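Hello,

Here is the structure I promised to pass on to you. Have a look at it first, and then read my notes below.

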Amino acid sequence: MIHPCQYIRPAATSKSRSTYPDRLAPTLTPDGTYIVHVYSTLYNYDCILADFIGTSYHTIRREIAACPPHANQLLLLIDSPGGSVHQCHDTATLIASLTIPTAAYIIGEACSAAYFLASACDQIIASPSAIVGSIGVCITIPNEPNGTITITNSAATHKRPTIPLSDDHIAYYTDLCDQLAEPFHSFVTSHRTISPDALSGKVYSAHTALALGLIDDIQTIPHALDHLHKETTPTP
């Protein structure tokens with residue numbers, strides 16, 4: 001069995017593989033699995049702050065583009081609550097277009113935009129304690145004198161609690177969220193057969209996510225890597 005510890009949090013040792021020294025560098029395992037890390041908040045811009053406290057979509061795409069030609073599969077190691085709408089669809093489309101097998105392993109969370117990326121993979125495996133879902137889009141706007149209010153697309157009724165606001169404002173931002181959520185829903189449902197309830201913005205335990213079709217299996221990371229290795233090893 002492959003021992004994954006050296007691959008879960010590798011040190012970034014080459015600027016060609018990772019722009020910023022605190023960014024977890026992609027890793028090629030001995031069996032040919034190319035691992036790209038997707039963690040913390042997802043950002044649509046590429047700067048030292050984005051990759052210091054989270055992951056930028058530009059970095060994910062750049063690291064995928066650097067996948068060695070002899071790699072036999074791509075594995076996204078995901079622990080993220082989601083992030084920016086912008087560039088998420090482009091990044092997921094790139095993942096879905098890859099010609100090598102792709103898989104996502106959810107270490108902790110794969111919520112909102114992070115699940116958008118996971119859904120682009122051929123299969124999704126989650127740790128037993130993973131949290132998965134929160135499919136939908138939200139916008140936070142000023143709402144004096146109450147501070148701010150968060151509006152979600154209409155299907156994501158459980159994604160965020162709301163504070164009373166004028167009906168016109170709520171209708172406007174709900175419609176905007178719906179427009180932004182449509183490609184999210186369309187992409188996920190075109191790649192996964194999932195329960196309609198999964199589009200409500202709820203988050204789920206790994207076992208419930210499996211029952212709803214959001215993921216394909218529940219395994220520890222050593223077993224997941226061993227499973228993926230066996231799937232891509234040619235048989236005589």
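His 58 has its place in helix H3; helices here are DSSP runs of H or I with at least four residues, strands are runs of E with at least two, and both are numbered from the N terminus. At 36% relative accessibility, His 58 counts as partly exposed (buried means under 20% relative accessible area, exposed over 50%, partly exposed in between, with a 1.4 Å probe and protein chains only). Its C-alpha atom is separated by 7.1 Å from that of Asn 44, 14 residues apart along the chain.

Before going further, please keep in mind that this is a predicted model, in which local features need pLDDT of at least 70 and side-chain atom pairs count only at pLDDT 80 or more, while totals for chains, interfaces and linings use all residues. Residues are numbered from 1 along each chain as its sequence is written, and side-chain values use heavy atoms, with hydrogens and water left out.

Now the overall picture. The protein has eight helices and 11 strands. Of its 236 residues, 50% count as buried. Among contacts (heavy atoms within 4.5 Å) with a separation of 6 or more, 63% are between residues 24 or more positions apart.

Back to H3, which covers residues 57–65 and packs with helix H4 (residues 88–97) at an angle of about 15 degrees, the axes being 10 Å apart. Axes are lines fitted to C-alpha atoms, for helices over the stretch in contact, and angles run from 0 to 180 degrees between N-to-C directions. H3 and H4 are therefore roughly parallel to each other (under 35 degrees; over 145 is roughly antiparallel, 65 to 115 roughly perpendicular and the rest oblique). Their crossing is left-handed, a term used if the near helix is turned anticlockwise from the far one by less than a right angle, with clockwise being right-handed. On the H3 side, Tyr 57, Ile 60, Arg 61 and Ile 64 meet Cys 88, Thr 91, Leu 94 and Ile 95 of H4. By class, this contact has six nonpolar, one polar and one charged residues (Ala, Val, Leu, Ile, Met, Phe, Trp, Tyr, Cys and Pro count as nonpolar, Asp, Glu, Lys and Arg as charged, and the others, Gly among them, as polar).

H4 also packs with H6, at an angle of about 15 degrees and with the axes 11 Å apart. Here His 89, Ala 92, Thr 93 and Ala 96 in H4 meet Pro 183, Phe 187 and His 191 in H6. That contact has four nonpolar, three polar and no charged residues.

How many salt bridges does the structure hold? There are two, each a side-chain nitrogen of Lys or Arg within 4 Å of a carboxyl oxygen of Asp or Glu. In one, the side chains of Asp 216 and Arg 192 meet at 2.8 Å, N to O. Asp 216 lies in the loop between helix H7 and strand S11, and Arg 192 in the loop between helix H6 and strand S10, so the pair ties together parts that are 24 residues apart in sequence. Asp 216 is partly exposed at 37%, whereas Arg 192 is buried at 8%. In the other, the closest N and O atoms of Lys 202 and Asp 197 are 3.4 Å apart.

Lastly, Ser 127 lies in the loop between strands S6 and S7 and is buried, with a relative accessible area of 7%.

Best wishes
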